[in-house]
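This report covers side-chain contacts in one protein model.

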Amino acid sequence: MTDRTFVTVGAGQTAAVAARTLRRRGFDGRIILVGDEPHAPYQRPPLSKEFLCDTAASDDLWILPEKWCADNGVEIRTGAEVTRVDAATGTVEIAGQAPVRADAVLFATGGRPRRLPVPGPRPELVHYLRTLDDARRLHDALASGCRLGVIGAGFVGLEIAATAVGLGASVTVLEAAPMPLGTVVGSRVAAEIVRLHRGNGVELLTGVAVNGVRTDADGVVVSTGAQDLRFDAVVIGIGITPNTAVAEVSGLAVDDGIVVDAQGRASVPNIYAAGDVARRYSERAGKHVRIEHFDNANRQGAAVANAMLGRDAVNDDAPWFWSDQYEHNLQLLGEATGNLVIRGDVGEFEFTAFYVDTDDTLRGVFTVDRGEDVMVGRELLGRRIPRAVLEDDDADLWELVDTEEVAQ
């Protein structure tokens with residue numbers, strides 16, 4: 001058995017996947033996950049959907065069951081705060097605990113919600129959704145008939161809106177941009193997302209800037225300049241900020257995240273970063289990118305674990321996102337840029353939007369309830385595909401996978 005010790009700063013999805021990968025690849029040294037939350041690693045995607053709907057259904061959240069950790073010798077320290085990593089010695093300093101000497105350290109500190117100032121006597125009425133405890137508090141607020149305001153119409157904000165409607169809440173979503181997710185999926189697809197939510201009873205207000213949020217004895221007031229809107233509770237979902245404070249005091253290069261190379265190696269030897277906090281160099285994109293999603297946390301957690309073991313395991317796949325809203329599954333693969341080619345029935349919310357360059361090179365795929373088109377799209381990204389074939393619902397796209405790229 002090796003006497004090496006690997007430590008993760010953070011104990012979420014990325015850290016858990018890294019620990020699991022290390023054991024699967026034969027690493028038999030000490031593995032310690034240090035997280036500031038009071039919980040063992042859990043999945044975040046259900047927090048805005050299944051778990052928010054039913055907080056008793058938590059069994060499927062846990063990533064590393066207690067028995068697995070015991071059987072595999074993985075130590076999880078919850079409620080623990082790493083204050084610094086000594087770059088010279090690899091010592092991980094933990095508040096109130098003895099320092100741990102590590103041979104390799106993985107920063108998987110994720111991010112924290114961007115906040116707005118909220119004066120007033122009832123701050124508990126204003127919610128952010130990032131943690132398990134956040135979801136529990138929000139669930140308790142979503143009684144039937146609750147007037148809920150959601151500031152920000154990103155994927156999480158829209159998922160919360162859909163879940164809240166299902167729980168009987170009256171929901172208003174405020175979005176500063178002209179269209180929700182317009183810069184992510186394009187205006188044409190964004191218009192269908194608007195139609196989906198309005199059709200399910202959500203009041204979706206776009207192009208609305210929030211000037212202020214305050215609480216009083218009767219609830220929450222959101223000021224837009226043109227009017228004051230009153231709610232029983234408000235969720236603020238305007239993105240996250242990467243947690244880089246410990247990396248900064250540890251001497252790591254930071255620029256909107258911890259700057260790492262293609263393998264996840266930071267600017268200090270034997271220190272790595274992955275997940276929401278990592279700004280990783282992508283050869284595919286030709287620049288450093290920081291991606292905030294579950295799939296990226298999984299893939300980069302596994303890739304960096306291999307790098308910690310000295311394996312060349314760069315993962316530079318196209319980004320993939322998904323979102324469950326009402327009874328529909330939405331997925332986005334690659335880049336939503338270029339011309340749009342539609343396949344399927346937009347009116348029935350069962351369609352695929354292909355994003356192609358002027359030379360018909362496929363750059364991205366967005367689907368509603370058509371997951372297989374994403375699967376085949378993953379194989380066809382970067383290839384020139386005739387638009388007539390993409391829009392023909394009877395054409396078998398899998399037949400193109402093993403053919404030479406041809407556009408006509």
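Arg-115 lies over the face of Tyr-128, 4.2 Å from the ring centre. In a second contact of this kind, the charged end of Arg-378 sits over the ring of Trp-320, at 5.6 Å from its centre. A charge sits over a ring if NZ of Lys or CZ of Arg is within 6 Å of the ring centre and within 35 degrees of the ring normal.

The model is predicted: local features need pLDDT of at least 70, side-chain atom pairs count only at pLDDT 80 or more, and totals for chains, interfaces and linings use all residues. Residues are numbered from 1 along each chain as its sequence is written, and side-chain values use heavy atoms, with hydrogens and water left out.

**Aromatic pairs**

Five aromatic pairs are found in a search of the whole structure. Rings of Phe, Tyr and Trp (its six-membered ring) pair if their centres lie within 6.5 Å; planes under 30 degrees apart count as stacked, over 60 as edge-to-face and the rest as tilted. Phe-6 and Phe-27 form a stacked pair, with 4.2 Å centre to centre and 0 degrees between the planes. Phe-6 belongs to strand S1 (residues 5–9) and Phe-27 to the loop between helix H1 (13–24) and strand S2 (30–34), so the pair ties together parts that are 21 residues apart in sequence. Helices (H or I, at least four residues) and strands (E, at least two) are DSSP runs, numbered from the N terminus.

Phe-6 is buried, at a relative accessible area of 3%, and Phe-27 is buried at 4%. Buried means under 20% relative accessible area, exposed over 50%, and partly exposed in between (1.4 Å probe, protein chains only). Elsewhere, Phe-294, Trp-320 and Trp-322 form one aromatic cluster.

**Salt bridges**

The structure holds 29 salt bridges, each a side-chain nitrogen of Lys or Arg within 4 Å of a carboxyl oxygen of Asp or Glu. Three of them are tabulated.

| Arg-279 | Asp-256 | 3.3 Å |

Arg-279 forms its salt bridge with Asp-256. Arg-279 lies in strand S20 (residues 278–282) and Asp-256 in the loop between helix H8 (245–249) and strand S18 (258–260), so this pair joins parts 23 residues apart in sequence. Arg-279 is partly exposed at 21% relative accessibility, and Asp-256 is partly exposed at 40%.

Asp-373 is in helix H10 (residues 371–380) and Arg-343 in strand S24 (residues 339–345), so the pair ties together parts that are 30 residues apart in sequence. Both Asp-373 and Arg-343 are buried.

Asp-393 lies in the segment after helix H11 (387–391), so its pairing with Arg-343 in strand S24 links parts 50 residues apart in sequence. The relative accessible area of Arg-343 is 3%, whereas Asp-393 is partly exposed at 40%. Through shared partners, salt bridges join Arg-343, Glu-350, Arg-370, Asp-373 and Asp-393 into one network.

**Cysteines**

The structure holds zero disulfides, a disulfide being a pair of cysteine sulfur atoms within 2.5 Å. Cys-53 is in no disulfide, and the nearest cysteine sulfur, that of Cys-146, is 14 Å away. Cys-53 is partly exposed, with a relative accessible area of 40%, whereas Cys-69 is buried at 8%.
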